[in-house]
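Hi there,

I'm passing a structure on to you, and I hope you enjoy looking through it. The model comes first, and my notes follow below.

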Amino acid sequence: MSGNPALDLVGTVGSRRDKPVDLLADPADLEQWVLECDELPDQVTADVATFTSALQLREAIYQLALDRMRDRRFAPTSLDIVNDAAAGPVPTVELSDTGLHLSGDLRSALAHVARSGIALLADRHACLKECGRPGCTRLYLDRSRGARRTWCGMESCGNRVKAAAYRARRQAAEQGREPSTATRTRT
């Protein structure tokens with residue numbers, strides 16, 4: 001996904017933030033999202049109040065990440081929300097033959113997300129980016145060599161951009177605007 005649980009939470013808003021498609025429409029969606037995240041407890045129950053807190057945390061992390069990427073001072077209200085969430089209970093961590101297992105309630109899961117966000121935002125060497133595909137606002141941690149990654153993911157956005165570029169080149173070649181490209185394609 002995005003490379004960090006906090007950025008994964010931010011990514012639950014699809015499309016542009018000015019015309020959002022919210023993947024967390026109700027508490028059950030939040031429960032399912034937590035279940036699907038590797039770094040979070042696997043069984044939580046969301047009530048309306050904790051669900052609302054999760055949405056506030058999501059938007060606060062998004063705002064702080066934008067502030068960081070644009071080299072601005074952090075928004076004080078967003079800092080308060082993230083710091084308050086991080087002060088919550090800690091999930092229980094257990095090691096087994098199958099790997100790491102976290103358990104706890106939703107508050108502890110959100111505290112873990114907030115702490116992950118704090119660690120990421122405090123790391124000046126972390127390369128945070130916004131997806132380069134028009135229409136996608138997903139933020140991600142670029143760990144690629146030379147920090148050259150352009151899209152949040154190849155499956156979701158990279159393939160779309162590459163397919164659109166291919167269609168545009170092919171259409172231009174068919175209309176005779178780029179004969180050199182058409183010639184290279186035929187040989």
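In what order do the elements of the protein run from the N terminus on? They go α-β-β-α-α-α-β-β-α-β-β-α-α, which comprises 7 helices and 6 strands. Helices (H or I, at least four residues) and strands (E, at least two) are DSSP runs, numbered from the N terminus.

A word on the source: this is a predicted model, in which local features need pLDDT of at least 70 and side-chain atom pairs count only at pLDDT 80 or more, while totals for chains, interfaces and linings use all residues. Residues are numbered from 1 along each chain as its sequence is written, and side-chain values use heavy atoms, with hydrogens and water left out.

Now the protein as a whole. Of its 187 residues, 39% are buried; that term means under 20% relative accessible area, with exposed being over 50% and partly exposed in between (1.4 Å probe, protein chains only). The protein exposes about 11200 Å², and carbon and sulfur atoms supply 51% of that area (Shrake-Rupley method, 1.4 Å probe; for residues, only the protein chains shown count as cover). Among contacts (heavy atoms within 4.5 Å) between residues at least 6 apart in sequence, 53% join residues at least 24 apart.

Next, helix α3. Its 22 residues should span 32 Å at 1.5 Å a residue, and this agrees with its end C-alpha atoms being 32 Å apart; the expected span is 1.5 Å times one less than the number of residues. Following α3 is aspartate 71, with a positive phi near 55 degrees.

Aspartate 67 lies in α3 (residues 48-69). It counts as buried because its relative accessibility is 3%. Its side chain makes a polar contact with the side chain of glutamine 63 at 2.8 Å (a pair of N or O atoms within 3.5 Å; within protein, one must be able to donate a hydrogen and the other to accept it, and residues adjacent in sequence count only if both atoms are side-chain atoms). The side chain of aspartate 67 also reaches the backbone nitrogen of alanine 75 at 2.9 Å. Not counting residues up to four places away in sequence, aspartate 67 touches Arg72, Arg73, Phe74 and Ala75.

Finally, proline 89 sits in the loop between α4 (76-86) and β3 (92-96). At 29% relative accessibility, proline 89 counts as partly exposed. Leaving aside neighbours within four places in sequence, proline 89 is in contact with Asp105, Arg107, Ser108, Ala111 and Arg115.

Best wishes
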